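Visitor: Please take a close look at one part of this model, the salt bridges, and describe them in one connected account.

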Amino acid sequence: MKLSSLACVWFLAANGCGSSPPPPPPAPEVAPATDPPDQIGSDDEADSDLAEHHRHHHHGGIAMFVAMSLDTLGVDDNQLAQIQKIQADIHAQLKPAHDAEKVVLLALADGVAAGMIDQDRTDAAIAELAKTSAAAQDAVADSLDALHQTLTAPQREALVDKLEAHIAVWDETNAGDDKRGGHLEKLATDLALTPDQVEKIRGNFTTSIGKAGKYDRAEVDAQFKQFAEAFGADRFDAHEMKMGGMVSSHMAVWGLTRMSRVYAAAAPVLTPEQRTKAADMLRHHANYKRTDAE
Amino acid sequence: MFKSVLAIIIPLTLALAPTKADAQITVTVGVAPPSAYIATTEPEYFEGRPVYWYNNNWYYRDHGRWSYYRSEPRYLRERRGRWVERNRDHGRFVHDRGHEHDRDRGRHDGPARYRYHR
């Protein structure tokens, strides 16, 4: 046997026959779906910052989550300028909704400071936000189309993953039952509420939130699924996404309604010092700056 | 001569072949990296998909299910080496405390995570 033949034997053994298709990858090993791996980072600052953002900012709905996803997409240098422009455009198109949300937050701040939320004033501001939030989703359609054209298929896949992740965090923060990271728990920490205060606020909140509209996660999931499938495909037209405005408006209204009910429940129970601090926190969020440069 | 060549080739083949296969072996898991982690961490791109370094493994999604590579592909290992330098350039990113001590190397080489303004 010649050396060349031996080399061939070695090559085939290591890499498979050159004229045949490569062997399929080994079947995945399946780990039991029991405890999650160590939840590294689950309670670190990046997590709590994100939850704090989603706890107070609902105006942009799914379009806002898309813009936020661009912060960590990992784009090439030759894509960077275009991505930054698209992101800036989306935030600009969401500005009317952002401003409407600011009106709501300032109304809440005034109410908390006074010890009594003006629910009519707050609800009117939320209704205005619903209109602007729905309209904003139509405004961002061209930006979404440009984004689709700019990103590679794997980047689009990553964006869909991130979008789903933002929805999950928003949902856990706003639509959960306050077991972990919810409004009331956060308020209790921030304002050093006594157990008695927490129970009173919880009772008030349970009564008032029962009269508010219901959050429909299935509707949000359906919209996300529609977007994910469309955005992952090679051809995409954001103008064909019919439900975006309605769903984003729904999220904005629900998020702010729930928040307003929490503060309405808390305002009469808080001490003057706690009211001052809570009002300051709301004003801080009302004047939110996305970047240091803003 | 023939035997001596085989004595070289066979061990070499055995040594190299598992390495190649190992990189393809994946472990499918019933849980994903936390949503907040996915939302605030930059992925790397490998084999045409985004992958995330989490809990000392590279996670990726395939048809909705999360898996990780049992052995770290060389390309991704090299990418990790660039994180420290890259992270210095991103003022809005913070080093993930959970990854401060890589179990294999005992040094900072986790991905940076984006911090949103409060």
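Guide: The model is a predicted one, and over all chains it holds 23 salt bridges. Side chains of opposite charge can pair when their charged atoms come close.

Among the salt bridges is one between Glu128(A) and Lys131(A), whose closest N and O atoms are 3.8 Å apart. Both residues belong to helix α6 (residues 119-139) of chain A, where they lie three residues apart, about one turn of the helix. Glu128(A) has a relative accessible area of 40% and is therefore partly exposed. Lys131(A) counts as exposed because its relative accessibility is 57%, and the cut-off for exposed is over 50%.

Another salt bridge joins the side chains of Lys186(A) and Asp190(A), at 2.8 Å from N to O. These two residues are four apart in helix α9 (residues 183-191) of chain A, so about one helical turn separates them. Lys186(A) and Asp190(A) are also linked with Glu52(A) and Arg55(A) in a network of salt bridges.

In chain B, Arg79(B) forms a salt bridge with Glu44(B), with 2.8 Å between the closest N and O atoms. Arg79(B) lies in helix α3 (residues 74-80) of chain B, whereas Glu44(B) lies in strand β2 (residues 44-46) of chain B, so this pair ties together parts that are 35 residues apart in sequence. Glu44(B) is buried because its relative accessible area is 4%, and buried means under 20%.

Technical notes:
Residues numbered from 1 in each chain as written. Chains lettered and ligands numbered in written order. Predicted model: local features only at pLDDT ≥ 70, side-chain atom pairs only at ≥ 80, totals over all residues. Heavy atoms only, no water. Salt bridge = Lys/Arg side-chain N within 4 Å of Asp/Glu carboxyl O. Buried < 20%, exposed > 50% of the residue type's maximum accessible area, 1.4 Å probe, protein only.
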